[in-house]
Protein chains: 2
Amino acid sequence: MAIRYPNGKKYTPSVPANKKKSYDYSFSNRGKSLEDELNDTNEYYLAHSLAVIHKKPVPIQVVNVRYPSRSAAVITEAYFRTPSTTDYNGVWNGFYMDFEAKETKNKTSLPLQNIHLHQVEHMKQVIEQSGLAFFIIHFSLLDRYFLLPFDVFLPLWNRMEDGGRKSITLDEIEERSIEIETGYQPRLDYLQAVQQWIQQKRLDIDSERQEEK
Amino acid sequence: MAIRYPNGKKYTPSVPANKKKSYDYSFSNRGKSLEDELNDTNEYYLAHSLAVIHKKPVPIQVVNVRYPSRSAAVITEAYFRTPSTTDYNGVWNGFYMDFEAKETKNKTSLPLQNIHLHQVEHMKQVIEQSGLAFFIIHFSLLDRYFLLPFDVFLPLWNRMEDGGRKSITLDEIEERSIEIETGYQPRLDYLQAVQQWIQQKRLDIDSERQEEK
């Protein structure tokens, strides 16, 4: 039933600017960005001594700083710089972990244009040093999260470099990555997916050894 | 011999502002800061696929950004934030490495006032997850560098917390840390010291096992 002003004009509730998105957030993620969810998860891991993972600060080139008396230094001129690494890294159970988080509103594929060459180069260097490198991908409209190992991602990146498609399909992701189950605390327990991935890697190595015998 | 102007006044060469420090830099380090030297070393490690170690960007709280047309975004108001971790981390040969660099002009001890509680807390969390945590210390006037493992540092930090001395003496550092030999390329090859440290740790574990038998 429409509410009307005394003059008969229909009342339309004003929506605050920050709620105007047409985006239908499910109750479960309460409109949090992937970055917020990962920060919450990492805080939980830290508080419970499960892992030490931090988001790296955005690199900024500071040009001018003012020092007002009796207060904190104010940066008055600065510029964003391109990061030379991924956004997240840290240590879990002796493993070096390094990942990039990517969110898409696309329902059928992850566009590769948001992944930068320097991030790919960095992750190559990480796996050369026996670190764990991966992507955490969020299909926000499907509310599904995946852990995509870097060594699985690389051939799909190379396909694009060789002139192939500029995205990874959801089918390919479902096939090759570990889906992260969302829970209550932490909501996005990606370490479980990391453990599954490592177990799978070990099984693969063992079965290769069996075959060699 | 003093050089004089035609009017007899003595000529004093003007020294550029950035060279005014009285500090007597030896030729070997060419006035580079420890941070510059570590950045050079880390670049060398990266270029030669030896390790992937980066300095974390300084965390900055951005308050205002201007977007002039046809040019890069300009940050016009921002503030420095306190870092929640150490400055350097990365991966080498499967090991997670995490360290803080400290430089002192003091010739006989390292004052502890430049080391922050949150850094110590962070390094505790790192060793709980089986990462390698340490300090790289530069006595600039002696031109000596040391790798001080965090587990050796911690009792000396606790001594201060219990009301003891607010510094670590050079003698204590000589006794308990690995001196980093400076070379040509890279000048500050701290990975050698890390390797020595790990070998020593393994020997200690082995001799403990021998004693148990």
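Trainee: How far apart are the end C-alpha atoms of helix H2 (residues 117-128) of chain A?

Mentor: Keep in mind that this is a predicted model. Helix H2 of chain A has 12 residues, and at 1.5 Å a residue they should span 16 Å. The distance between its end C-alpha atoms agrees with that, being 17 Å.

Trainee: Which residues of H2(A) are buried, and do they lie on the same side or on opposite sides?

Mentor: An α-helix has 3.6 residues a turn, so residues three or four places apart point the same way. The buried residues here are A:Gln119, A:His122, A:Met123 and A:Val126. They cover an arc of only 100° around the axis, so they lie on the same side of H2(A).

Trainee: What covers these buried residues of H2(A)?

Mentor: Look at both chains for this one. From chain B, the cover includes strand E1 (52-55) and strand E4 (88-92). From chain A, it includes strand E5 (95-104), strand E7 (132-139) and helix H3 (150-161).

Trainee: Which residue just after H2(A) takes a positive phi?

Mentor: Follow the chain just past the end of H2(A).

Trainee: Which residues touch the most other members of the largest nonpolar core?

Mentor: In soluble globular proteins, nonpolar side chains tend to be buried together. The largest nonpolar core has 72 residues. One of its members, A:Leu147, is in contact with residues including A:Phe134, A:Ile136, A:Tyr190 and A:Trp197, leaving aside neighbours within four places in sequence. Those touching the most other members are A:Ile136, A:Leu147, B:Ile136 and B:Leu147.

Trainee: How many residues of strand E2 (residues 60-66) of chain A are buried?

Mentor: First see what E2(A) pairs with: 6 bridges join it to strand E3 (residues 74-80) of chain A, and the two run antiparallel. One bridge partner in E3(A) is A:Val74, which pairs with A:Arg66. Even so, E2(A) is hardly covered, and among its 7 residues the count of buried ones is 0.

Definitions and conventions: Residues are numbered from 1 along each chain as its sequence is written. Chains are lettered from A and ligands numbered from 1 in the order in which they are written. This is a predicted model: local features need pLDDT of at least 70, side-chain atom pairs count only at pLDDT 80 or more; totals for chains, interfaces and linings use all residues. Helices (H or I, at least four residues) and strands (E, at least two) are DSSP runs, numbered from the N terminus. The expected span of a helix is 1.5 Å times one less than its number of residues. A residue is buried if 20 or more other C-beta atoms lie within 10 Å of its own, exposed if 12 or fewer, and partly exposed in between; C-beta atoms are placed from the backbone. The arc is that of the directions from the helix axis to the C-beta atoms. Two residues are in contact if their C-beta atoms, placed from the backbone, lie within 7 Å. A nonpolar core is a set of buried Ala, Val, Leu, Ile, Met, Phe, Trp, Tyr and Cys residues joined through C-beta atoms within 7 Å. Two strands pair if DSSP finds at least two bridges between them.
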